[in-house]
Amino acid sequence: MSTEMLKDALDFDLIADVFVSESIPASPAELHGQLCGYLASGVTLPLEDWLSMVVEFCDIESWKEEASRAAIIELYTATLTLFQNGEYALVPSIADDDAELSERGVTLSQWAHGFLAGYGLSGQKKDLSEETKQILRDFANISGMQEEMRHLEDNNDNEADLTELVEYVRLSAMMMYSEHHDVNPDADNSQQNALH
């Protein structure tokens, strides 16, 4: 599967549509952040465990639509492959460039919050490098900026600052993942989609 196709599975609007059809009030960005944080911790997350985490996160008993479950599986497989393939192409699932700057900022804060939650759920707390500790502190600061982000004005300076923050978050997540895992250019987790 091509990198662009993998990134399409991380589209914020796609996951938001799943949340709407399933009547889930939670943030799609936070869910993707949680997945990324768990994977970046170095702890293995089997697909079935991920699906259980999603059901708990979303506070649902089961999926109303099979297509929703398939999109959530695709989110997992695409994220894992983008972490593994060494192309450093992983992107956080946040509101896209067409959205208002404030919405993009809020969803980035939600993603960072989810990342911290996922990292915490993994139980990985010992022998953290100084760089990892700093990244987690930075993500906590970004997570705490939701209210500030709500009032972010659309201008070139704020646009540049937010773009820089997104890039920092993106690269930091991949760096943390690569501390624990070797690159596998042939990684393709799409065959896990067949799991029922």
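This is a predicted model: local features need pLDDT of at least 70, side-chain atom pairs count only at pLDDT 80 or more; totals for chains, interfaces and linings use all residues.
**Entry 1: helix H2**

Next I checked the two ends. After H2 comes serine 23, and its phi is positive, near 55 degrees.

**Entry 2: two positive phi angles**

I stayed with serine 23 for a moment. Most residues other than glycine have a negative phi. Serine 23 is not a glycine, yet its phi is positive at about 55 degrees. I located serine 23 in the loop between H2 and H3.

I wrote down tyrosine 88 as well. Tyrosine 88 is not a glycine either, and its phi is positive at about 50 degrees. Where is tyrosine 88? I found tyrosine 88 in the loop between H5 and H6. Its relative accessible area is 36%, so I put tyrosine 88 down as partly exposed.

Now for the inside. In soluble globular proteins, nonpolar side chains tend to be buried together. Here the largest nonpolar core has 60 residues, and Trp50, Trp111 and Phe115 are the ones with the most contacts inside it. Which helices supply it? I listed H2, H3, H4, H5, H6, H7 and H9, each of them giving at least two residues to this core. H5 gives the most, with nine residues.

Leaving out residues up to four places away in sequence, tryptophan 50 touches Leu31, Leu35, Leu45, Ile72, Leu75 and Tyr76.

One of those neighbours, leucine 75, got its own note. Leucine 75 is in helix H5, and its relative accessible area is 0%, so leucine 75 is buried. What does leucine 75 touch, again not counting residues up to four places away in sequence? I wrote down Ala9, Leu10, Ile15, Leu31, His32, Leu35 and Trp50.

**Entry 3: the cysteines**

How many disulfides are there? I got a count of zero, with a pair of cysteine sulfurs having to lie within 2.5 Å to qualify. For cysteine 36, the nearest cysteine sulfur belongs to cysteine 58 and is 15 Å away, so cysteine 36 is in no disulfide by that cut-off. Cysteine 58 is in no disulfide either, its nearest cysteine sulfur being that of cysteine 36. Are these two buried or exposed? Cysteine 36 has 0% relative accessibility, so I count it as buried. Cysteine 58 is at 4% relative accessibility, and that also counts as buried.

**Entry 4: helix H7**

I checked the length of H7. Its 14 residues at 1.5 Å a residue should span 20 Å, and the end C-alpha atoms are 20 Å apart, which agrees. Buried in H7 are Thr132, Ile135, Leu136, Phe139, Ile142 and Ser143. Looking down the axis of H7, I see these within an arc of 120 degrees, so they line one face of the helix. On the other side of H7, Glu130 and Asn141 are exposed. What do the buried residues of H7 pack against? My note reads H6, H8 and H9.

**Entry 5: helix H9**

I finished with H9, residues 156-180. At the start of H9, a side-chain oxygen of asparagine 155 comes within 3.1 Å of the backbone nitrogen of aspartate 157. The buried residues of H9 include Leu162, Val166, Arg170, Met174 and Tyr177. As a group, the buried residues of H9 pack against H3, H5, H6, helix H7 (130-143) and helix H8 (146-150).

Key
Residues are numbered from 1 along each chain as its sequence is written. Side-chain values use heavy atoms; hydrogens and water are left out. Helices (H or I, at least four residues) and strands (E, at least two) are DSSP runs, numbered from the N terminus. Buried means under 20% relative accessible area, exposed over 50%, partly exposed in between (1.4 Å probe, protein chains only). Contact means heavy atoms within 4.5 Å. A polar contact is a pair of N or O atoms within 3.5 Å; within protein, one must be able to donate a hydrogen and the other to accept it, and residues adjacent in sequence count only if both atoms are side-chain atoms. A nonpolar core is a set of buried Ala, Val, Leu, Ile, Met, Phe, Trp, Tyr and Cys residues joined through side-chain atoms within 4.5 Å. The expected span of a helix is 1.5 Å times one less than its number of residues. The arc is that of the directions from the helix axis to the C-beta atoms.
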